[in-house]
Amino acid sequence: MALEHGPDEMRQAWEKAAATLKLLDPTWMASRAEVVYSYPERSFKVPFFDDVYQVFYPTGEVIGPDGRPADAREAIIILHYLTHADGARVRGDWVAYRDLPGARYHEPAFVADVERPLSLGLSGKLQQLRKWASNKEIRDDIPGDLAFVWKVLPRVPLLVIFNERDEEFPASARVLFDATAPNYLPTEDLSVLAELA
């Protein structure tokens with residue numbers, strides 16, 4: 001999919017995703033992705049990371065909440081979400097990145113690019129994280145100093161589990177996916193989604 005590649009690969013990935021969008025019925029996509037499609041505006045409203053993005057149909061142009069074109073990675077993920085969504089209901093069964101289709105050998109990169117930077121970035125900031133996550137679904141039933149569900153797309157939640165550093169161990173963060181995540185996005189997109197989060 002080329003989310004981690006150069007501008008030419010990103011442009012090609014966007015063009016391919018936009019071409020797929022054009023072939024599909026907008027109301028069919030909206031119902032499966034749990035988003036709103038407006039016929040008068042010929043666009044979708046897609047909640048993405050606590051903001052709302054507008055996706056024009058059939059062009060595939062993605063506009064961010066600030067009214068400017070979305071970043072290429074964000075645009076590709078949103079288009080893939082609309083075109084891949086199959087309507088599966090979120091189950092609340094959480095899986096690690098390595099358990100996603102084709103991801104087992106990419107787990108070290110996921111840890112290095114997502115979980116390790118998250119652990120370092122949140123170290124010493126448990127109280128700030130608690131405050132930030134107060135409007136998320138807090139999961140007291142999951143072991144950790146803080147576990148919360150962040151609905152980054154309508155049917156793609158992430159479970160973030162954070163343990164603050166102590167005298168024996170450094171801070172650690174884990175990011176888990178609902179078992180239905182592959183029903184909405186390719187595995188590479190899910191890695192980038194967690195990185196953006």
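Helices (H or I, at least four residues) and strands (E, at least two) are DSSP runs, numbered from the N terminus. This is a predicted model, where local features need pLDDT of at least 70 and side-chain atom pairs count only at pLDDT 80 or more, while totals for chains, interfaces and linings use all residues. Residues are numbered from 1 along each chain as its sequence is written, and side-chain values use heavy atoms, with hydrogens and water left out.

**Exercise 1.** Work out why strand β9 counts as largely enclosed.

*Solution.* First recall the cut-offs: buried means under 20% relative accessible area, exposed over 50%, and partly exposed in between (1.4 Å probe, protein chains only). Now go through residues 172-178: 5 of the 7 are buried, so β9 is largely enclosed by the rest of the structure.

**Exercise 2.** Which residues of the largest nonpolar core touch the most other members?

*Solution.* A nonpolar core is a set of buried Ala, Val, Leu, Ile, Met, Phe, Trp, Tyr and Cys residues joined through side-chain atoms within 4.5 Å. The largest has 54 residues, and F44, V55, L82, F177 and L193 touch the most other members. Helix α3 (residues 72-84) gives the most to this core, with 6 residues. A second, separate core has 7 residues, among them A147 and L176.

**Exercise 3.** Classify the ring pair of F44 and Y57.

*Solution.* Rings of Phe, Tyr and Trp (its six-membered ring) pair if their centres lie within 6.5 Å; planes under 30 degrees apart count as stacked, over 60 as edge-to-face and the rest as tilted. By this rule there are 13 aromatic pairs. The centres of F44 and Y57 lie 6.3 Å apart with planes at 90°, so the pair is edge-to-face. F44 belongs to strand β2 (residues 43-48), whereas Y57 lies in the loop between β3 (51-56) and β4 (62-63), 13 residues apart. To finish, check accessibility: F44 is buried at 0%, and Y57 is buried at 14%.
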